[in-house]
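Have the structure open while you read.

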Amino acid sequence: MTAAPTRQRVLSGMRPTGPLHLGHYLGALKNWVTMQDTHDCFFMSADLHALSTSYDDTGGVRAARRVNLAEWIACGVDPARAVVFEQSRVAEHSELHVILSMITPLSWLERVPTYKEQQENLSHKDLSTYGFLGYPLLQSADIILYRAHAVPVGQDQLPHLELTRELVRRFHHLYSCQVFPEPEAILSPVPKLSGLDGRKMSKSYNNALMLGDSKEDVKKKVLAAPTDPQRIKRTDPGNPEVCNIYAWHKALSALPVVEEVAAGCRSAGIGCVDCKKKLLVAMDAILDPVREKRAELVNNTALDDILVEGNRRARTVAHETMEMVRDAVKL
Ligand code: TRP
Ligand code: SF4
């Protein structure tokens, strides 16, 4: 008998800043779900990271964390196959962060592009804090604490992965050891979809389909969304390439539907309302089961049990790694 090959370990996380939308599902969660078949998966609610920007208004973090965890599971994250846990409940994240902080040159953190960008984007907030500068360092601690080989992330997170890799090399060099794999980024195969109005999908623009939206809400949002602005009358032929509804079809609908819609649009064979109704079929197929499962889980103590177990399993690995780290550092 041959032993089962050991799977590569993956860690990913999301900050609990609010309820999730279809963009989170397509851009991240769907990928997490398929990875459960091939990798040893750790999925974390990065609640400490949420504090980096909402330290002065922490009231929403706990509720968002709970809702997000329910949403992950509703989307197919399976606590029996993946470790689903809460960052702040595994104290080793903070411990490793402190140790890494000793070997991290300030200049490495100052040059991470998200640092200045976020400070500019959120200029109404005072982000001149120690914790905010250390945000990517905490993320590095998250990743290497589980000795992860790979990290599914969006494009914007690549500099954080690069920093992690540099820190791993520095740690190994300084302490003459080999504790951590150098983690690779796994970019999600799905291109970023815009919101229904063509702007970045965001709850605050009200252009996103939230995983918790009712069927009625989804329908209203889709029917109200702009289409090819040149297509004014039903008899005007349209150009699907400039229409955001078509971009959504390409992401969600089956290929024959996508082709039918494109041809129908160009020949004015179908109207925008018909086209949107076809899109709604694909959206409902994803969202109907998620909505139900999400609602069922949020207020259920079963979710608490899942987290107790997930946090425990995360702690076990974190504890092992910290033994190795203290050994290497000779603490
Ligand atoms: N910084 C990530 C984001 O904003 C969230 C995150 C925190 C994370 N720790 C992580 C992602 C570890 C991957 C691995 O999306
Ligand atoms: Fe867009 Fe569809 Fe209308 Fe064409 S028919 S403009 S693709 S909504």
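The largest cavity has a volume of about 110 Å³. The model is a predicted one. The structure holds 1 cavity of 30 Å³ or more. Ligand 2 sits in the largest cavity.

**The largest cavity**
- Its lining is made up of 13 residues.
- Nearest the centre of the largest cavity lie Arg231, Cys243, Cys265, Cys272 and Cys275.
- H11, helix H12 (255-266) and H13 are the elements that give two or more residues to this lining.
- By class, the lining divides into 9 nonpolar, 2 polar and 2 charged residues.

**The shell around ligand 2**
- Thr227, Asp228, Arg231, Cys243, Ile245, Tyr246, Cys265, Cys272 and Cys275 surround ligand 2.
- Two or more residues of this shell come from helix H11 (244-252), and two or more from helix H13 (272-298).
- The shell splits into 6 nonpolar, 1 polar and 2 charged residues.
- Arg231 and Cys243 are among the residues that surround ligand 2, and both are also among those nearest the centre of the largest cavity.

**Asn244 in H11**
- Helix H11 includes Asn244.
- Asn244 has a relative accessibility of 15%, which is under the 20% cut-off, so this residue counts as buried.
- Leaving out residues up to four places away in sequence, Asn244 touches Ser194, Gly195, Leu196, Asp197 and Gly198.

**The second largest pocket**
- This pocket has a volume of about 170 Å³.
- Leu48, His49, Leu51, Ser52, Ser94, His97, Gly131, Gly134, Tyr135 and Leu138 line the second largest pocket.
- Helix H2 (47-54), helix H4 (92-103) and helix H8 (135-145) are the elements that give two or more residues to the lining.
- The most comes from H2, with 4 residues.
- The lining holds 4 nonpolar and 6 polar residues, and no charged ones.

**Helix H2**
- How many of the 8 residues of H2 are buried? The count is 6, so H2 is largely enclosed by the rest of the structure.
- The buried residues of H2 are Asp47, His49, Ala50, Ser52, Thr53 and Ser54.
- These buried residues pack against strand S2 (40-45), helix H3 (61-74), helix H7 (130-133) and H8.
- His49 and Ser52 are among the buried residues of H2, and both also line the second largest pocket.
- H8 packs against the buried residues of H2, and H8 also gives two or more residues to the lining of the second largest pocket.

Methods. Residues are numbered from 1 along each chain as its sequence is written. Chains are lettered from A and ligands numbered from 1 in the order in which they are written. This is a predicted model: local features need pLDDT of at least 70, side-chain atom pairs count only at pLDDT 80 or more; totals for chains, interfaces and linings use all residues. Side-chain values use heavy atoms; hydrogens and water are left out. A residue is near a molecule or strand if one of its heavy atoms lies within 4 Å of it. On a 1 Å grid over the protein atoms alone, a cavity is a set of points where a 1.4 Å probe fits but cannot get out, and a pocket is an open set with protein on both sides within 12 Å along at least five of seven lines; lining residues have an atom within 4 Å of a point. A molecule sits in a cavity or pocket if more than half of its atoms lie within 2 Å of its grid points. Ala, Val, Leu, Ile, Met, Phe, Trp, Tyr, Cys and Pro count as nonpolar, Asp, Glu, Lys and Arg as charged, and the others, Gly among them, as polar. Grid points are joined across faces, edges and corners, and a volume is the space filled by probe spheres set on the points. Buried means under 20% relative accessible area, exposed over 50%, partly exposed in between (1.4 Å probe, protein chains only). Contact means heavy atoms within 4.5 Å.
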